[in-house]
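Hi,

Here is the structure I promised to pass on.

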Amino acid sequence: MNALRQYIDLYKSNRQAIEAHAPAAMNALRAEALEVLEQTHLPRRGEENYEVSDIDEMYAPDYGVNVNRVELSADAAEAFRCDVPNMSTWMYFFFNDVFRASRKSPSLPSNVVVEPFSEAAKNHPELLSRYLGSVAPHSDARVALNTLLGQDGLLVYVPKNVVLERPIQLVNIMNAGGPIMAVRRLLVVIGENAQAQMLVCDHTQNLEHQFLVNQVVEIVAEANAHFDYYDIEESTEKTSRTTSHYVKQAAGSNVLINGITLTNGVTRNDYVVSVDGEGAETQLYGMAIEGGTQRIDNYTHISHNVGHCKSNELFKYVLDDQSVGGFTGRILVAEGANKIEAYQSNRNVVATDTAKVHTKPQLEIYCDDVKCSHGTAIGQLDQDAIFYMQARGITKEEARTMLMQAFMSDVIDTVRMESLKNRLQRLVEKRFCGQLHQCVDCSNSCRDVVMGDK
Amino acid sequence: MENENKIRQTNSDIINEAAQSEYKYGFVTDVETHIIPKGLNEDVVRYISGYRNEPEWLLEFRLKAFRHWQTLKMPRWAHLNIPEIDYQDISYFAAPKTKSDGEAKEIDPEIKKTFDKLGIPLEEQMRLSGMAVDAVMDSSGVKTMYRERLAEMGIIFCSFSDAVKDYPDLVKKYLGKVVPYTDNFFAALNSAVFSDGSFVYIPKGVRCPMELSTYFRINASGTGQFERTLIVADDESYVSYLEGCTAPMRDENQLHAAIVEIIVEDRAEVKYSTVQNWYPGDKDGNGGIYNFVTKRGLCRGDYSKLSWTQVETGSAITWKYPSCVLKGDNSVGEFYSVALTNNYQQADTGTKMIHLGKNTRSTIVSKGISAGHSQNSYRGQVKVVASATNCRNYTQCDSLLLGSTCGAHTFPYIDCQNDSSVVEHEATTSKINEEQIFYCNQRGISTEDAVGLIVNGYAKEVMAKLPMEFAVEAQKLLSVSLEGSIG
């Protein structure tokens, strides 16, 4: 089966509508994407690096795409209340893949740009034409598909020497009266010596329908830029998501990415980092708490093209019920890229005998003056520790929760936003207690927001 | 104590020998050889089978394998740059000519000289060192030692062609059971054209009193070598098996595609050691052996144990994954490997540990050493199926880099499907610590010798698993293979 075909056909028959509702900078890239897609297929299970995910199967259902950009009557920004205490952010929304700015957000520093592509095309066309598609290659079929069908996206541009005092928050909300696919794109450019933090929250507000999210995130970190990117997914078992992160780092830049999967259906995250300048540092973290029939698959590829850089990777999973976890990590050190320090670690707790892990930490090294290591472990909670706690009056359930919480704390500790860190600790605790279902904590009213109502 | 002295002695030998030749096994023996014309088709398969007077079922097996092979494509997934191989440009059968059938038992003096040069004396010395040897030159079994003495204990140790003649039922029962001809491209090719090899059967409760050993030697040019080894260890038996390989220096590439199948029954133990020293090509990457080998053991019985130890220093390209299928409950698989690549050698080697039985354990220790312009990859799979509860795996794979133009890569595949098993993988990649070299320099040890010392120390964990005679040879090999790669 070739799931790609239906989307190519959809594009061909709705080409005019798609292009009419999208900026020229996006339309300009479609021809090339189409050409690539005609020659390729979406990866299937069993192909190299797809031991766990079947992308073709994820895209196979007949998802609709909102090509005519139907406006939503409910104001997501009004209904949504993100209750991370003590955190004030510049907040923006994607309702499915339609952009909404929050009315409440304080104003940005004058030279910082956070705009949907549709506006950026008018105000900053040079930024879009310069950076859009410059990092994510069309050889990745999901990126090509995103380019082919995408109609909007968010541009974040932090100019030289600007240090943002608070995080930029992007809230993605999936909800519709039928199975649809959201095609989102994010382009982040952090200028020389600039610093920024970004928090992306993915929510699905509809338990009834199947959804598919295709996201492409392009990050450009110029010399000495600092950028933290946190991605929290709290969707439903019926939501499939593929997110392709492509990162380009210049000399001295520092990029931290933390992908947290609390509830989901089937998720495949790709993190492809190209380190092109000396003295750069890359930190890639991720965690997933999976139950039911959920699936998480993280793929990371860090290319150290020049010497004197550091990278650190840590991914931790807790897998319950029939869930499946996959991790593929690859560190590539190019010839002549000496003095690289690269570490990679994947740890998994398998809580039932029906859960599965597939892990592949890989090193590919072409020069000698490096320090690289990787490790992976698959195991269980320490029975002695549980017994120790039980002997002191802590119930078995509680003891398990405490241990799992402690297991995840390594990843949570990497968060460099105090309020978010505290919040995550609570969310994870609740998730382990089985109290957390989709987006309960983000808002008490957001579940009521239904497209077209009110 | 005596052993210690011997090792000390050996260490000083290493330093002396390090200054000598590059590849000391690179001679050609002038023996009249029977070679069939190049090319591969059903007639060739029939010819090989006919030449050996093989029974109908074996010919059928070969033909099925050949027909399957024709449907396959050469695998390209390994991290290797394999030039296009023209399978019609290889002669699939070469055997030292025997004068006449009556004299076949008498070994050709030229061949004997060859094995003497290799340090494998087929007669007297072997009796002293207490080792039974089966020597295979080009495609034919040359001589098997001690066959009669072992037979008294019920142990069968003979060339594969003799086994087909003398023990057809055993061969028929086990052939292709662990590595079926459908397994992969090279397994299919081997199954179609395999010529000779060794067959070992250890009966119930017998502990083989000596090391069994096979030496493989490619001699004729323009030929490939396709031998097949089948080892069956019946209940509560034990055998230690050694394998060594060399080939002459030639500027052409020669293909070696072998199969090793091992079956280990209840409480039996097999230890399989390899020192692979096929000609690696010259320092510019010309010539050398393509070593594409399928080795797999099935721990069929409960409490069975299979241990692979390999020292890989030769071959232009190595594609080899000795594996254990741990089917019996409480069975144990081990894999200890040192793979050294220099100049333009490429190696993609590792293991597979497939845990099917409960409480099965496996250990993988892999030490890669890359120098020159070589590429050295570890590729391994650890799979624990849902029903294999309480399994344990520990994997350690370290890479040592000598020189800025070589590559060291690690590709582990880990798959765990239950909640009572523990799987661990640790890997590091680094170069030789400069402080260690400096420390040696201060004490009057040259940099080259210091590297030799450090490399041998690094590989010691694996070397210690080799039988004594082999450990000495392997240690020498490491030093010689590294020669000229420093500075």
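Predicted model: local features only at pLDDT ≥ 70, side-chain atom pairs only at ≥ 80, totals over all residues.

**Helix pairs**

In chain B, helix H10 (residues 434–442) packs against helix H11 (residues 447–463) with the axes 9 Å apart and an angle of about 125° between them. At that angle H10(B) and H11(B) are oblique to each other, and their crossing is right-handed. H10(B) brings B:Gln436, B:Ile437, B:Cys440 and B:Asn441 to the contact, while H11(B) brings B:Thr447, B:Ala450, B:Leu453 and B:Ile454.

Chain A has a pair of its own to look at. Helix H9 (residues 383–391) of chain A has nine residues and the number buried is zero, so H9(A) lies largely in the open. H9(A) packs with helix H10 (residues 396–412) of chain A at an angle of about 130°, the axes being 9 Å apart. How are H9(A) and H10(A) oriented to each other? They are oblique, and H9(A) passes H10(A) in a right-handed crossing. On the H9(A) side the contact involves A:Ala385, A:Ile386, A:Met389 and A:Gln390; on the H10(A) side it involves A:Lys396, A:Ala399, A:Arg400, A:Met402 and A:Leu403. Just after H9(A) you will find A:Gly393, which takes a positive phi of about 85°.

Back in chain B, take helix H2 (residues 42–51) and helix H3 (residues 56–70): they pack at about 155°, with axes 10 Å apart. Angles over 145 degrees count as roughly antiparallel, and H2(B) and H3(B) are therefore described that way. H2(B) passes H3(B) in a right-handed crossing. The residues making this contact are B:Glu42, B:Val45, B:Arg46 and B:Ser49 from H2(B), and B:Leu58, B:Leu59, B:Arg62, B:Leu63 and B:Phe66 from H3(B).

**The two chains overall**

Chain A contains eleven helices and 20 strands. Its radius of gyration is 21 Å, close to the 22 Å that the globule rule gives for 454 residues, so chain A is as compact as a globular protein of that length. The C-alpha trace of chain A spans about 65 × 60 × 50 Å along its principal axes. Of its 454 residues, 53% count as buried.

Chain B has twelve helices and 24 strands, and 54% of its 487 residues are buried.

What about contacts between residues at a distance along the chain? In chain A, if you take contacts between residues at least 6 apart in sequence, 83% join residues at least 24 apart. In chain B, residues 24 or more positions apart account for 83% of the contacts with a separation of 6 or more.

In soluble globular proteins, nonpolar side chains tend to be buried together. Here the largest nonpolar core has 253 residues, and the ones with the most contacts inside it are A:Val333, B:Val200, B:Ile262 and B:Val270. Strand E7 (residues 180–190) of chain A gives the most to this core, with nine residues.

Leaving out neighbours within four places in sequence, B:Ile262 is in contact with B:Val178, B:Ile231, B:Val270, B:Tyr272, B:Gly297, B:Leu298 and B:Leu306.

**A few single residues in chain B**

- B:Glu236 has a positive phi of about 55° although it is not a glycine. It is in the loop between strands E8 (228–233) and E9 (238–246) of chain B, and counts as partly exposed with 19 C-beta neighbours inside 10 Å.
- B:Asn359 also has a positive phi, near 55°, and is a residue other than glycine. Its loop runs between strands E19 (352–355) and E20 (361–371) of chain B. Buried or partly exposed? With 20 C-beta neighbours inside 10 Å, B:Asn359 counts as buried; the cut-off for buried is 20 or more.
- B:Phe185 is in helix H9 (residues 185–193) of chain B and is partly exposed, with 16 other C-beta atoms within 10 Å. Not counting residues up to four places away in sequence, B:Phe185 touches B:Leu72, B:Met74 and B:Pro75. The C-alpha atoms of B:Phe185 and B:Gly222 are separated by 21 Å, the two being 37 residues apart along the chain.

Cheers

Note on methods
Residues numbered from 1 in each chain as written. Chains lettered and ligands numbered in written order. Helix = DSSP H or I, 4+ residues; strand = E, 2+ residues; numbered from the N terminus. Rg over C-alpha atoms; globule rule 2.2 N^0.38 Å. Buried ≥ 20, exposed ≤ 12 C-beta atoms within 10 Å, placed from the backbone. Contact = placed C-beta atoms within 7 Å. Core = buried A, V, L, I, M, F, W, Y, C linked by C-beta atoms within 7 Å. Axes fitted to C-alpha atoms, helices over the stretch in contact; angles between N-to-C directions. Parallel < 35°, antiparallel > 145°, perpendicular 65-115°, else oblique. Left-handed = near helix turned anticlockwise from the far one by under 90°.
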